[in-house]
Amino acid sequence: MKIKIIGIGSYIPNKEVSNTDFGDHVFLNEDGTPFAYPNEVVIKKFKGITGIENRRYAEDQHTSSDLAFFAAERALANANIDRETLDYIIFAHNFGDVKSGTNQSDILPSLATRVKNKLDIKNPKCVAYDILFGCPGWIEGVLQANAFIKSGMAKRVLVIGAETLSRVVDDHDRDSMIYSDGAGASILEASDDEAGLLSYESATYANDEANYLYFGKSYNPDLDPDIKYIKMYGRKIYEFALSQVPCAMKSCLDKSGIAIDDVKKILIHQANEKMDEAIIARFYKLYDKTPPENIMPMSIHDLGNSSVATVPTLYDLLIQGKLENHEINKGDVVIFASVGAGMNVNAFVYRY
């Protein structure tokens with residue numbers, strides 16, 4: 001028995017923010033000193049490394065659980081099932097519901113409970129809970145759904161990844177340009193045909209790597225030091241991802257019994273274009289091969305990095321045929337992979 005994604009949906013906020021919108025920002029170094037060059041140079045370098053030109057921010061009246069609800073409704077419509085038949089709702093996020101204009105996280109009740117309420121699901125045996133697993137949270141939710149279904153504890157599971165990172169960034173940190181908002185949702189159930197999840201890998205590296213992403217004070221020394229923002233050691237994350245993600249993908253693929261040449265697409269967390277390209281190149285190098293053309297769809301150029309939402313959103317766009325030069329057909333093999341705070345790494349091989 002395998003588990004299969006029978007429904008997929010995403011919500012991409014309408015509020016578009018371009019790189020040029022950061023032209024008047026006061027970017028500072030970690031010690032609070034100003035950069036030695038103008039914002040035009042900062043933005044050009046940023047674009048060259050990350051590939052990001054635009055990103056999406058949630059409307060002021062929406063929180064992460066709202067975006068998740070919108071995506072879940074679309075996934076349910078795509079699956080064409082009765083929502084009362086869901087056994088679990090697993091919601092992956094990092095910062096809870098953060099209202100516009102604030103920096104305070106609200107996770108009481110859980111965001112999964114809020115989504116269940118918004119979906120108006122009456123069945124009390126539909127268990128709703130959150131997971132905090134960094135950017136790989138949606139993939140980890142899929143792996144938990146796999147365990148629940150295979151153990152007989154569930155028949156259908158809704159797995160959501162949603163985040164509003166735009167509300168936890170330090171405006172004086174140039175890394176703030178990376179982050180965005182969005183949501184992706186999927187419905188999984190048992191499959192008796194050839195389609196479904198074939199193999200997986202998951203790991204947490206929590207020694208020196210534990211604090212590569214953290215909550216820290218603003219680079220502006222005039223701001224309240226007790227108010228925290230998302231921070232990262234970008235170079236360390238890059239080096240970690242490049243060393244660990246390709247190995248996890250290879251282990252996962254080898255366990256599946258699928259040949260590297262039979263992989264049609266790789267859907268990787270949309271964190272940084274150069275980093276993702278380097279990961280894919282390193283992965284193929286492990287097989288003494290070079291990546292084929294159009295193996296890796298990208299959404300980061302226009303959507304930015306929406307953390308747990310990037311992979312399910314990318315899959316939804318692929319299924320809908322909304323990614324130029326990319327398509328997926330029945331029987332195609334896809335690798336899903338992610339890396340993020342923890343530091344966590346995971347992947348699964350899936351036959352569409």
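Two strands are taken as paired if DSSP finds at least two bridges between them. Helices (H or I, at least four residues) and strands (E, at least two) are DSSP runs, numbered from the N terminus. The model is predicted: local features need pLDDT of at least 70, side-chain atom pairs count only at pLDDT 80 or more, and totals for chains, interfaces and linings use all residues. Residues are numbered from 1 along each chain as its sequence is written, and side-chain values use heavy atoms, with hydrogens and water left out.

The protein has 8 helices and 13 strands. An open sheet is formed by 5 strands, in the order β1-β7-β6-β4-β5, with mixed pairing. Its edge strands are β1 (2–11) and β5 (127–131), each of which pairs on one side only. From one strand to the next, the twist averages 20°. Strands β1 and β7 (residues 181–191) run antiparallel and are joined by 9 bridges. Here S10 stands opposite G184 in β7.

Two helices pack on this sheet. Helix α3 (residues 111–118) touches β4 (88–92), β5 and β6 (156–164). Its direction makes about 140° with that of β5. Helix α4 (residues 137–151) touches β1, β4, β5, β6 and β7. The direction of α4 makes about 165° with that of β6. Contact means heavy atoms within 4.5 Å. Axes are lines fitted to C-alpha atoms, for helices over the stretch in contact, and angles run from 0 to 180 degrees between N-to-C directions.

The overall dimensions were computed next. Along the principal axes, the C-alpha trace spans about 60 × 50 × 40 Å. The radius of gyration, taken over C-alpha atoms, is 20 Å, which agrees with the value near 20 Å for a compact globule of 352 residues. The globule rule is 2.2 Å times the number of residues to the power 0.38. Among contacts between residues at least 6 apart in sequence, 77% join residues at least 24 apart. Buried residues make up 56% of the 352 residues; buried means under 20% relative accessible area (1.4 Å probe, protein chains only).

The structure holds 19 aromatic pairs. Rings of Phe, Tyr and Trp (its six-membered ring) pair if their centres lie within 6.5 Å; planes under 30 degrees apart count as stacked, over 60 as edge-to-face and the rest as tilted. The ring centres of F283 and Y287 lie 5.6 Å apart with planes at 80°, so this pair is edge-to-face. F283 is buried, with a relative accessible area of 0%. One aromatic cluster is formed by W138, Y315, F336, F348 and Y350.

How values were computed. Buried < 20%, exposed > 50% of the residue type's maximum accessible area, 1.4 Å probe, protein only.
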